[in-house]
Amino acid sequence: ATESVVEKLPMKTLQYLVGELNYGGRVTDENDRRLISCLLPRFFSTDVLEPDFALSPSKQWRTAPASVTSHRQYLKYLDT
């Protein structure tokens with residue numbers, strides 16, 4: 001995605017939609033709500049659009065590398 005498109009992505013809005021509207025009614029424990037609000041910014045950020053971005057501290061789970069450029073390559077990458 002181009003930088004101007006990335007800058008326009010409503011990350012805070014997406015975090016709110018998922019955390020409050022989607023799960024808000026189902027998560028009743030305050031600690032669970034706090035956990036969700038801490039985790040969502042990690043995954044709903046422009047960082048996840050970067051190739052090979054680590055999704056976990058162990059770096060076991062990552063976004064696709066820059067060499068993955070097609071749908072077919074992406075599906076093959078998911079199988080690895």
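**Notebook: contacts in a predicted model**

I began at Ser56, whose side chain makes a polar contact with the side chain of Ser58 at 3.2 Å. I note here that the model is predicted.

**Entry 1: Ser56**

I looked up where Ser56 sits. I found Ser56 in the loop between α3 and α4. Is Ser56 buried or exposed? Ser56 has a relative accessible area of 11%. Buried means under 20%, so I wrote Ser56 down as buried.

I then checked the backbone around Ser56. A polar atom of the Ser56 side chain lies 3.5 Å from the backbone nitrogen of Gln60. Next I left aside the neighbours within four places in sequence. With those set aside, Ser56 is in contact with Arg42 and Trp61.

**Entry 2: the salt bridge**

I searched for salt bridges. How many are there? The count comes to one salt bridge. Asp52 and Arg62 form a salt bridge, and their closest N and O atoms are 3.0 Å apart. Both Asp52 and Arg62 lie in the loop between α3 (30-43) and α4 (71-78), so the pair ties together parts that are ten residues apart in sequence.

I looked up the accessibility of each partner. Asp52 has a relative accessible area of 36%, which makes Asp52 partly exposed. Arg62 is at 27%, and I logged Arg62 as partly exposed too.

**Entry 3: Tyr77**

I found Tyr77 in helix α4. Its relative accessible area is 23%, so Tyr77 is partly exposed.

What does the side chain of Tyr77 reach? It reaches the backbone oxygen of Thr63 at 3.2 Å. A polar atom of the Tyr77 side chain also lies 3.1 Å from the backbone oxygen of Arg62.

I listed the contacts of Tyr77, not counting residues up to four places away in sequence. Tyr77 touches Arg62, Thr63, Ala64, Pro65 and Val68. I took one C-alpha distance from that list. Tyr77 and Ala64 are 13 residues apart along the chain, and their C-alpha atoms are separated by 7.0 Å.

**Entry 4: Tyr74**

I stayed in helix α4, where Tyr74 lies. Tyr74 is at 39% relative accessibility, so Tyr74 counts as partly exposed. Which residues is Tyr74 in contact with, leaving aside its neighbours within four places in sequence? The contacts are Ala64 and Val68. Ala64 and Val68 are also among the residues that Tyr77 touches.

Tyr74 and Glu3 are 71 residues apart in sequence. From C-alpha to C-alpha, Tyr74 and Glu3 are 22 Å apart in space.

**Entry 5: helix α2**

I finished with α2, residues 11-22. Which residues of α2 are buried? I found Met11, Gln15 and Gly19 buried. Seen down the axis of α2, these buried residues fall within an arc of 40°, so they line one face of the helix.

Leu17 belongs to α2. Leu17 is at 38% relative accessibility and counts as partly exposed. Together, Tyr16, Leu17 and Leu21 form a nonpolar patch on the surface. I recorded about 310 Å² of accessible area for the patch.

Technical notes. Residues are numbered from 1 along each chain as its sequence is written. This is a predicted model: local features need pLDDT of at least 70, side-chain atom pairs count only at pLDDT 80 or more; totals for chains, interfaces and linings use all residues. Side-chain values use heavy atoms; hydrogens and water are left out. A salt bridge is a side-chain nitrogen of Lys or Arg within 4 Å of a carboxyl oxygen of Asp or Glu. Helices (H or I, at least four residues) and strands (E, at least two) are DSSP runs, numbered from the N terminus. Buried means under 20% relative accessible area, exposed over 50%, partly exposed in between (1.4 Å probe, protein chains only). Patches are made of residues with over 30% relative accessible area and no salt bridge: like charges are joined within 9 Å, nonpolar side chains (Val, Leu, Ile, Met, Phe, Trp, Tyr) within 5 Å. Accessible areas come from the Shrake-Rupley method with a 1.4 Å probe; for residues, only the protein chains shown count as cover. The arc is that of the directions from the helix axis to the C-beta atoms. A polar contact is a pair of N or O atoms within 3.5 Å; within protein, one must be able to donate a hydrogen and the other to accept it, and residues adjacent in sequence count only if both atoms are side-chain atoms. Contact means heavy atoms within 4.5 Å.
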